[in-house]
Amino acid sequence: MASTNAVLLGAVAAGGAIGSVARYLVGLWSVGALGIGYPWGTLIVNLVGCAVIGALGGALAAGMEMTAPWRVFVITGILGGFTTFSAFSLDAGLLWLRAPLVAAGYVVGSVVGGLALFAAFFVLVRRVAGSG
């Protein structure tokens, strides 16, 4: 079992490196091509990541087989390094199929809760650091 865990961890790490570099390159490209007035890079990676994970999720649900190392390499590694919004979308979509109200709570809790915690900690740390 230890060798399988090492293989899976290696697959996640390798995929994460690829996804993170790809995200960085998209960010650089978007600033050069589209400017800095809007977070185009983040929007692009989130939308592309959601499209790719939607296609993979659909293929897996339709019976496509993917070994555990390949699954964690692509989904957890590459897509996780590229954008975690794709994983959020997959989780919310699959939850919606089983329990729509629970899925709605998950989406609202994640988005509203995440923004609220961001704002609270942004203000807190900024005040503690003495910048306002």
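The structure is a predicted model, in which local features need pLDDT of at least 70, side-chain atom pairs count only at pLDDT 80 or more, and totals for chains, interfaces and linings use all residues. Residues are numbered from 1 along each chain as its sequence is written, and side-chain values use heavy atoms, with hydrogens and water left out.

**Aromatic pairs**

- A search of the whole structure finds 5 aromatic pairs; rings of Phe, Tyr and Trp (its six-membered ring) pair if their centres lie within 6.5 Å, and planes under 30 degrees apart count as stacked, over 60 as edge-to-face and the rest as tilted.
- The ring centres of Phe 85 and Phe 88 are 5.5 Å apart and the planes stand at 40 degrees, so this pair is tilted.
- Both Phe 85 and Phe 88 belong to helix α4 (residues 85-98), where they are 3 residues apart, about one turn of the helix; helices (H or I, at least four residues) are DSSP runs numbered from the N terminus.
- Phe 85 counts as partly exposed at 37% relative accessibility, whereas Phe 88, at 16%, counts as buried; buried means under 20% relative accessible area, exposed over 50% and partly exposed in between (1.4 Å probe, protein chains only).
- Ring pairs also bring in Tyr 106, linking Phe 85, Phe 88 and Tyr 106 into a cluster.

**A pair in helix α5**

- Phe 118 and Phe 122 lie in helix α5 (residues 100-128), 4 residues apart, about one turn of the helix.
- Their ring centres are 5.5 Å apart with planes at 35 degrees, so the pair is tilted.
- Phe 118 is exposed, with a relative accessible area of 54%, while Phe 122 is partly exposed at 44%.

**Helix α4**

- Helix α4 has 14 residues and reaches 20 Å from its first C-alpha to its last, close to the 20 Å expected at 1.5 Å a residue; the expected span is 1.5 Å times one less than the number of residues.
- Its buried residues are Ser 86, Phe 88, Ala 92 and Leu 95.
- These buried residues pack against α2 (40-61), α3 (68-82) and α5.

**Leu 90**

- Leu 90 lies in helix α4 and is partly exposed, with a relative accessible area of 23%.
- Leaving aside neighbours within four places in sequence, Leu 90 is in contact (heavy atoms within 4.5 Å) with Ile 53 and Gly 57.
- Leu 90 and Val 26 are 64 residues apart in sequence and 22 Å apart in space, C-alpha to C-alpha.

Definitions and conventions. Helix = DSSP H or I, 4+ residues; strand = E, 2+ residues; numbered from the N terminus.
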